[in-house]
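Dear colleague,

Please find below the structure that I am handing over to you. My findings follow directly after it.

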Amino acid sequence: MNKRDFKRFYDKNFERIYRFVYFRVGADHELAEDLVSEIFLKALEKFHTYDPKISSASWIYTIAKNHLANFFRSKYFRDVEPLEVEVWWQDATWELIDGERDKKAFFKMLGTLNEFEQKLVTLKYLEGYNYQEMSEMIGKPKVTLRVATHRAINKLKNLAQKYELKEINQKFKSRKPAGKKI
Amino acid sequence: MSLKKLIKNLKAESRPEKKYKKALWQHLDHKFDHMYPAARRTVPRYALVAAVVVFVLLGVGSGAYAYDSPGVIEGHPLHFIKENIENLEGKIKFSPEKKAEWHLKMQERRLQEAEYYARKKNEFRKQLLERGINEMGLSLEEMQRISEKEQRQLMLQHLSDMEKAQIEMLQKIKPQLSQYSQQVIEQMIAEQTRRMHERVGMLAEEDQKPFEPIRMRRFRILPAGMPPIEIESSSGTIITAEMLPPGNGDMQIRLISY
């Protein structure tokens, strides 16, 4: 084991783990930074057990998931299981975002998908994993995941179109009728 | 807003700061050295190679600049490089011919430096001229050790050419300098010419000597009045001589040709 390997590992996973944490802690950058630091310190402690041939991304993903579950358990809730963390944001986090309506709507739409589909969409489109890495994490063949992700994103697209139509209609309704000039 | 754009915005918003990434890596790097001291490498290999390449290039570049530039003289930060290269060059000259040549080259370089300063900066550097003259003296000393007459003559010719060039250069730069510097230059020219004539005259006298010390390799005593014989000297010179009648009990040989 040498430092160069660890640096490569860090560069490859840093952004994804950050996003994974960020979306699950209510889009709080400061809190995400603290947690990501702790996650990578844990990874460093156990780095001698890491084998990139067995798992290139799922090893650190599992550490992050467990660490986040421990964090929620100790701070806010008692009965949080690591598996729940994977889709944790669907119930709580997105509500915490004081963002624009579009973002809230996105998470609401995401919530209409089943847990597996939500996980696929976030892994692929928000956190940036490829199908090979997703296959290692989830334990399903790449092809299956590709098809399932494609279906999930199509569902989301349909929902987004409806949302856009609704938005347009609302704008149209809220517009005042032009008065006649006398 | 389209789904694609929404996802793109979310990704941009959730991107960590570069400063944070760098700071975290520095912390982890430090921890790594503590946790795995065996795997620690103070300088990465590629960085070491790059550093060596940069160092060599800088060294070669500044060495070449220092050696070639007449502006690099005592007091210049690169002067020590120039001095070391010149000294090294002198150390690998072994024969008197090569050493004399090297001293002449050094003289020429000092002259160029003096000329450069006089022309570019209107500064008269007496030390440089003195060092040049000193090199000329050392060159003459080496020339005295050259055994071959022709070679020595050639070197002497070179030396006198150099001297002429030096005097011409001094004459050229004189008007640009102060009156005091002009006086010093005139004195130097006079002194140099005197020393030069003295030394060249000394060498010329030596060249006119008919005999070099000869150790006979073959020697036969011949009765006086016999025809001349050829004798080979230790240096391979064939001399023709004849025996003379002994005077005061000493044997006498008269040289006919060599």
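This is a predicted model: local features need pLDDT of at least 70, side-chain atom pairs count only at pLDDT 80 or more; totals for chains, interfaces and linings use all residues.

Residues are numbered from 1 along each chain as its sequence is written, chains are lettered from A and ligands numbered from 1 in the order in which they are written, and side-chain values use heavy atoms, with hydrogens and water left out.

Chain A

Chain A has 9 helices and 0 strands (helices are DSSP runs of H or I with at least four residues, strands are runs of E with at least two, and both are numbered from the N terminus). Of its 182 residues, 47% count as buried; buried means under 20% relative accessible area, exposed over 50%, and partly exposed in between, with a 1.4 Å probe and protein chains only. Chain A exposes about 10400 Å², of which carbon and sulfur atoms supply 52% (areas come from the Shrake-Rupley method with a 1.4 Å probe; for residues, only the protein chains shown count as cover). With a contact defined as heavy atoms within 4.5 Å, 59% of the contacts in chain A between residues at least 6 apart in sequence join residues at least 24 apart.

Salt bridges

A salt bridge is a side-chain nitrogen of Lys or Arg within 4 Å of a carboxyl oxygen of Asp or Glu. By this rule there are 15 salt bridges over all chains.

In chain A, the side chains of A:Lys12 and A:Glu133 form one at 3.5 Å, N to O. This pair links helix α1 (residues 3-24) with helix α8 (residues 131-138), its partners being 121 residues apart. A:Glu133 also meets A:Arg16 in a salt bridge, at 2.9 Å, N to O. Here too distant parts of the chain are linked, since A:Arg16 lies in helix α1 and the two residues are 117 apart. A:Lys12 is partly exposed, at 39% relative accessibility, whereas A:Glu133 and A:Arg16 are both buried; for A:Glu133 the value is 3%.

In chain B, B:Glu86 and B:Arg109 form a salt bridge at 2.8 Å, N to O. B:Glu86 belongs to helix α4 (residues 79-91) and B:Arg109 to helix α5 (residues 96-121), 23 residues apart. Both residues are buried. Shared partners join B:Lys82, B:Glu86, B:Arg109, B:Arg110 and B:Glu113 into one network of salt bridges.

Surface patches

Patches are made of residues with over 30% relative accessible area and no salt bridge; like charges are joined within 9 Å, and nonpolar side chains (Val, Leu, Ile, Met, Phe, Trp, Tyr) within 5 Å. Lys and Arg count as positive and Asp and Glu as negative, with His and the chain ends not counted; each charge is placed at NZ of Lys, CZ of Arg, CG of Asp or CD of Glu.

A:Asp28, A:Glu30, A:Asp34 and A:Glu38 form a negatively charged patch on the surface. Among them, A:Glu30 sits in helix α2 (residues 29-45) and is exposed, at 62% relative accessible area. On chain B, a nonpolar patch of about 510 Å² is made by B:Leu48, B:Val52, B:Phe55, B:Val56 and B:Val60. One of these, B:Val60, lies in helix α3 (residues 45-68) and is exposed at 55%.

A loop residue

B:Pro77 is in the loop between α3 and α4 of chain B and is exposed, at 62% relative accessibility. Its C-alpha atom is separated by 9.3 Å from that of B:Ala66, 11 residues apart along the chain.

With kind regards
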